[in-house]
Amino acid sequence: MHSRARITALSAAAACLALALTACGSGGSDNAGVEGETGTEDVTLSVGTFNEFGYEELFTEYEELNPNVTIEHKKAATSNEARDNLTTRLAAGSGLSDIEGIEMDWLPELLEYSDQFADLKDPAVEGRWLDWKEAAATTEDGQLIGYGTDAGPEAVCYRADLFEKAGLPSDRESVAKMLEGDWQNYFDAGKKFVAASDGTAWFDSAGATYQGMINQVENAYEDKDGTVIATDNADVKDIYEQVLQASVDDGLSAHLTQWEDDWTASFQSDAFATKLCPGWMLGIIEGNAKGIDGWDIADVFPGGGGNWGGSYLTIPTQGAHQAEAKKLAEWLTAPEQQIKAFESKGTFPSQVEGLESDTLLGQTNAFFNDAPTGEILANRANAIEVRPFKGPKYFPINDAMQQALTRVDVDKTDDPASSWEKFVTAVGAL
């Protein structure tokens, strides 16, 4: 679905979820804890994830350690697809996996229906995560609805071979020095690249670039009291206009929609030279760009530091194997396992011990020219100064913004002014 149809569908799904769950209550923890017990009887546990959690080999390891357990992995292609499945089946009261992976951007709206998730608070995991990571999944009355998996500190991934061809510095230290500074400096470097390249764009899409920029704004769409400020926030409008100026007027975008088939296929060509790169994106790039040489990663991010995404494992109370699911979720999110996930797919740990691990800090990635990805992402995590507030309406507002950018950058059906007005209308309808 595109544009207004997509936004309307998301709004309708949220409304249906709210209506369906009203009778169940919200915000309370009457169903605290998990039902059932662990044992030695055969059990099949379903686990729903999306994109790349890096768990495939870990599932096999867990089955070997627990011969009575069989894991059924249900992997959605995108975060949006996973969210649609979750909200639909929550409203229906059945059909969810024993463990459901959720993305940080749509966690706030799920906290309103915390009684639909098991309370995972447990002395065994106390202090496991970074304070902000655990706090984001904790209700006002202390219920923990999710175990943190990864965080998303951002660097810049780039094609060193295309930089060389355009006469730009290409080693990661020189690239970091060149891109150090604000977003305009990043776009100015892109203008030099595009002027010297043979049809290759600077970045993949306006939408992906906007996401990196907006994640540096503390209150982009909502005040902490829940008041929606998205359409009146000068920072939001300025970023919207700046990224479209760079994308369309300056010709820096490849005009792709992230996660669409043509975006995936573009990694097999010279479609663009840079990509904003949270840790979890490393595995996606490697998978999409299989057989393509030249990718590297620089220890830098425009505007300072930024975090994009990061996920959690939750246990819906509609599940029949909650105790066994909790045992698996606790194991998967232990520092030792999350480091293995990072080694597999670049999902950067959110666990305190994981961040201090020599294994993590010494990690390199052969696909990215043997870059010291552990050290780079640890540095990027330390550079983060802003923790954006994301309230219950963050996801639908951001989705409306992504559609606004797509109308101009990809579909070319609107100019920035008319697409902004449609964004205003969409936000007002939420």
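Count Ala, Val, Leu, Ile, Met, Phe, Trp, Tyr, Cys and Pro as nonpolar, Asp, Glu, Lys and Arg as charged, and the others, including Gly, as polar. This model is predicted, so to speak of local features takes a pLDDT of at least 70 and side-chain atom pairs count only at pLDDT 80 or more, while totals for chains, interfaces and linings use all residues. Residues are numbered from 1 along each chain as its sequence is written, and side-chain values use heavy atoms, without hydrogens or water.

**View 1**
A cavity is a set of points on a 1 Å grid over the protein atoms alone where a 1.4 Å probe fits but cannot get out; a pocket is an open set with protein on both sides within 12 Å along at least five of seven lines, and lining residues have an atom within 4 Å of a point. Look around the largest cavity for its lining: I214, N215, V217, E218, A220, P388, F389, K390 and Y394. By class, this lining has six nonpolar residues, one polar and two charged.

**View 1. The largest pocket.**
The largest pocket holds about 970 Å³ of space. It is lined by 42 residues, and T78, N80, Q258, W259 and D399 are the closest to its centre. Helix α18 supplies the largest share, eight residues. Sorted by class, the lining of the largest pocket has 20 polar, 12 nonpolar and 10 charged residues.

**View 2. The second largest pocket.**
Moving on, the second largest pocket has a volume of about 710 Å³. Of its 24 lining residues, P108, L111, A136, F389 and K390 are the closest to the centre. Helices α4 (107-111) and α5 (131-136) each supply at least two residues of the second pocket's lining. That lining has 12 nonpolar, seven polar and five charged residues.

**View 3. Helix α19 against helix α18.**
The axes of α18 and α19 come within 9 Å and cross at roughly 160° (axes are lines fitted to C-alpha atoms over the stretch in contact, with angles from 0 to 180 degrees between N-to-C directions). The two helices are therefore roughly antiparallel (over 145 degrees; under 35 is roughly parallel, 65 to 115 roughly perpendicular and the rest oblique). On the α18 side, I397, A400, M401, A404, R407 and V408 meet P416, S419, W420, K422, F423, A426 and V427 of α19, where contact means heavy atoms within 4.5 Å. This contact has 10 nonpolar residues, one polar and two charged.

**View 4. Helix α19 against helix α10.**
Helix α10 (residues 234-249) packs with α19 (residues 416-428) at about 140°, with the axes 11 Å apart. The pair is therefore oblique. Find V236, K237, Y240 and L244 in α10, which meet P416, S419 and W420 in α19. Five of the contact residues are nonpolar, one is polar and one is charged.

**View 5. Helices α2 and α13.**
Helix α2 (residues 56-65) and helix α13 (residues 322-332) have axes that come within 11 Å and cross at roughly 125°. That makes α2 oblique to α13. L58, F59, E61, Y62 and L65 in α2 meet K327, L328, W331 and L332 in α13. Seven of these residues are nonpolar and two are charged, with no polar ones.

Conventions
Points joined across faces, edges and corners; volume = space filled by probe spheres on them. Helix = DSSP H or I, 4+ residues; strand = E, 2+ residues; numbered from the N terminus.
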